[in-house]
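Subject: Handover of a structure and notes on its contents

Dear colleague,

Please find below the structure that I am passing on to you. My notes on what was found in it follow directly after.

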Amino acid sequence: FGIGEDEEEEEELVDWDSGQLQSAMRRIQEAGSLFDREMAAARERRREMVERQRRELAEEIASQEAQFREAKEGMERLRALMEEESNALAAAEAQAEASKALEAAEGKAGASGGVNDID
């Protein structure tokens, strides 16, 4: 009886150890599956964050490019206005010089005309 009982008890221990081992392996597999799901979710969140940041950066770049274009166009309009003003100022100065020359010429003609009348 002693030997049979020992074998039976040993078989029960082996069955219990085997059950414990299988249970532990299932828990390890479940933990691995959970880890895989969590990693996949983390990768997805990271991908979404990167995509959102990329979109925001693209929008910011587009906005800055539009502001740059507007500033450039404004500077071109300002340069054209300044050029027109400079041309108008130069024309006014030329007209003033011409008027002075005409007045001087008329003054000389009047003075010489008066002398000629006396003769």
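A helix here is a DSSP run of at least four residues in state H or I, and such runs are numbered from the N terminus. By that rule, Ser-23 is found in helix H1, which covers residues 2–118. Please note that this is a predicted model.

**The chain overall**

The secondary structure amounts to one helix and zero strands. Of the 119 residues in the chain, 1% are buried. The chain has an accessible surface of about 10900 Å², and carbon and sulfur atoms account for 56% of that surface.

**Ser-23**

Is Ser-23 buried or exposed? A residue counts as buried when its relative accessible area is under 20%. Ser-23 has a relative accessibility of 17%, and it is therefore classed as buried. The side chain of Ser-23 also makes a polar contact of 2.7 Å with the side chain of Arg-27.

**Salt bridges**

As a general point, side chains of opposite charge can pair when their charged atoms come close. How many salt bridges does the structure hold? The count is five, and several of them are described here.

Glu-44 pairs with Arg-47 in a salt bridge whose closest N and O atoms are 2.7 Å apart. Both residues belong to helix H1, where they are three residues apart, or about one turn of the helix. Glu-44 has a relative accessible area of 32% and is partly exposed. Arg-47, with a relative accessibility of 47%, is partly exposed as well.

A salt bridge also joins the side chains of Arg-52 and Glu-56, with an N to O distance of 3.7 Å. These two residues are four apart in helix H1, so about one helical turn separates Arg-52 from Glu-56. Arg-52 is partly exposed at 39% relative accessibility, and Glu-56 is partly exposed with a relative accessible area of 44%.

Why are Glu-83 and Arg-79 separated by about one helical turn? The reason is that they stand four residues apart in helix H1. Glu-83 has a relative accessibility of 46%, which places it among the partly exposed residues. For Arg-79 the value is 52%, and because exposed means over 50%, Arg-79 counts as exposed.

**Surface patches**

Which residues form the negative surface patch? They are Glu-5, Asp-6, Glu-7, Glu-8, Glu-9, Glu-10, Glu-11, Glu-12 and Asp-15. Asp-15 has its place in helix H1. With a relative accessibility of 53%, Asp-15 counts as exposed.

A nonpolar patch on the surface is made up of Met-75, Leu-78 and Met-82, which together have about 330 Å² of accessible area. Met-82 lies in helix H1, and its relative accessible area of 53% makes it an exposed residue.

With kind regards

Terms used. Residues numbered from 1 in each chain as written. Predicted model: local features only at pLDDT ≥ 70, side-chain atom pairs only at ≥ 80, totals over all residues. Heavy atoms only, no water. Buried < 20%, exposed > 50% of the residue type's maximum accessible area, 1.4 Å probe, protein only. Polar contact = N/O pair within 3.5 Å; in protein donor to acceptor, adjacent residues only side chain to side chain. Areas by Shrake-Rupley, 256 points an atom, 1.4 Å probe, with all protein chains shown as cover. Salt bridge = Lys/Arg side-chain N within 4 Å of Asp/Glu carboxyl O. Patch = residues over 30% accessible without salt bridge, like charges linked within 9 Å, V, L, I, M, F, W, Y side chains within 5 Å. Lys, Arg positive; Asp, Glu negative; His and termini not counted. Charge placed at Lys NZ, Arg CZ, Asp CG, Glu CD.
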